[in-house]
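Biologist: Before we rely on any label in this model, I would like each one held against its definition. Could we go through them one at a time?

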Amino acid sequence: MMAEIQQIAGKSLFCGRIFSVLEKGWIFMQYAEVLPGRFLDRPNRFIAHVETAEGVQTVHVKNTGRCRELLVPGAAVYLERCGNPARKTAYDLIAVQKGERLINMDSQAPNKVFAEWAAGLLPEGAQLHSEYVYGDSRLDFCIETAKNLHFVEVKGVTLEENGAARFPDAPTERGVKHIRELQKAAEQGIGATLFFVVQMMGIQSVAPNDATHPAFGDALREAASHGVNVLAYDCAVTADSLAIRRPVPVLLDA
């Protein structure tokens with residue numbers, strides 16, 4: 001895998017900077033006040049009931065995906081106390097224990113941890129812009145230097161089976177649209193990367209979930225063949241932190 005990353009690194013400034021710091025220290029995204037609990041149920045996409053030492057809490061689920069393999073009754077989960085006293089739910093559900101693997105399931109975390117991590121890779125004078133409008137899409141990031149642009153779309157991955165991760169866990173037309181925009185950029189000579197943040201540690205590979213959304217896999221494979229870089233990194237996860245850790249192979253063969 002290191003050889004593959006090194007080969008990719010020659011294609012763009014951004015990927016080159018990634019390769020140059022692979023062995024450097026991790027950048028952690030830190031949560032504040034974290035409370036352990038036991039998952040009870042999920043009445044809808046947005047809330048769940050969790051038993052804690054402070055009683056049963058109605059909590060906000062920071063992931064609107066299905067997460068059926070994660071949120072099972074009795075699973076150990078971790079909550080972060082919300083800093084807004086006016087909010088109806090006092091806690092956010094941020095992580096869940098699946099067997100021996102702790103999985104961060106905060107859908108806002110991948111962009112946050114990527115931004116903190118990428119900031120340490122930027123060359124002098126470069127700027128990292130978020131929510132960058134290109135074409136008909138708002139892409140997650142644009143790295144701007146005096147000479148060029150590089151677009152990055154970040155996807156958080158929480159679906160795992162037998163040590164292999166897959167994306168998405170539910171159909172995502174928005175994800176397909178973003179891939180198409182990245183491909184257009186690459187075809188125009190602009191750097192473009194789809195970056196999977198795998199929100200768990202020890203993953204062997206990442207692949208498109210063709211069984212759930214074949215259009216996403218088809219779009220990703222076509223984009224990769226037209227110059228879009230596809231990278232994946234796993235993460236070191238604790239109850240109160242997340243850190244991008246190391247690259248893992250991306251398998252694009254259908």
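Biologist: What makes β5 and β6 a pair of strands?

Modeller: Strands here are DSSP runs of E with at least two residues, helices are runs of H or I with at least four, and both are numbered from the N terminus; two strands pair if DSSP finds at least two bridges between them. Strand β5 (residues 76-81) is joined to β6 by 5 bridges and the two run antiparallel, so the pair meets the definition. Within that pair, Leu 79 stands opposite Leu 93 in β6. This is a predicted model, in which local features need pLDDT of at least 70 and side-chain atom pairs count only at pLDDT 80 or more, while totals for chains, interfaces and linings use all residues. Residues are numbered from 1 along each chain as its sequence is written, and side-chain values use heavy atoms, with hydrogens and water left out.

Biologist: How do you know that β4 pairs with β6?

Modeller: Strand β4 (residues 55-61) has 2 bridges to β6, running parallel, and the definition asks for at least two, so β4 and β6 count as paired. His 60 has Asp 92 in β6 as its bridge partner, and Val 61 stands opposite Leu 93 in β6. Strand β3 (residues 47-52) is joined to β4 by 6 bridges in antiparallel fashion, with Gln 57 in β4 as the bridge partner of Val 50, and a hairpin of 2 residues links β3 to β4.

Biologist: Why is β6 called largely enclosed?

Modeller: A residue is buried under 20% relative accessible area, exposed over 50% and partly exposed in between, with a 1.4 Å probe and protein chains only. In β6 (residues 91-98), 6 of the 8 residues are buried, so the strand is largely enclosed by the rest of the structure.

Biologist: What makes β1 and β8 edge strands?

Modeller: The open sheet has 7 strands in the order β1-β16-β15-β13-β10-β9-β8, with mixed pairing. Strands β1 (28-30) and β8 (127-134) each pair on one side only, and are therefore its edges. Strand β8 is joined to β9 (residues 137-144) by 7 bridges, antiparallel, and Tyr 132 stands opposite Leu 139 in β9.

Biologist: Which helix lies across β8, β9, β10 and β13?

Modeller: That is α4 (residues 173-187), which runs at about 40° to β9. Such angles run from 0 to 180 degrees between N-to-C directions, the axes being lines fitted to C-alpha atoms, for helices over the stretch in contact, where contact means heavy atoms within 4.5 Å.

Biologist: How do you know how far to trust the chain?

Modeller: The pLDDT, the predictor's confidence in each residue, runs from 0 to 100. The protein chain averages 88, and 89% of the residues score at least 70. Over residues 1-25, however, the pLDDT is below 50, although this stretch has 42 contacts in the model beyond near neighbours in sequence.
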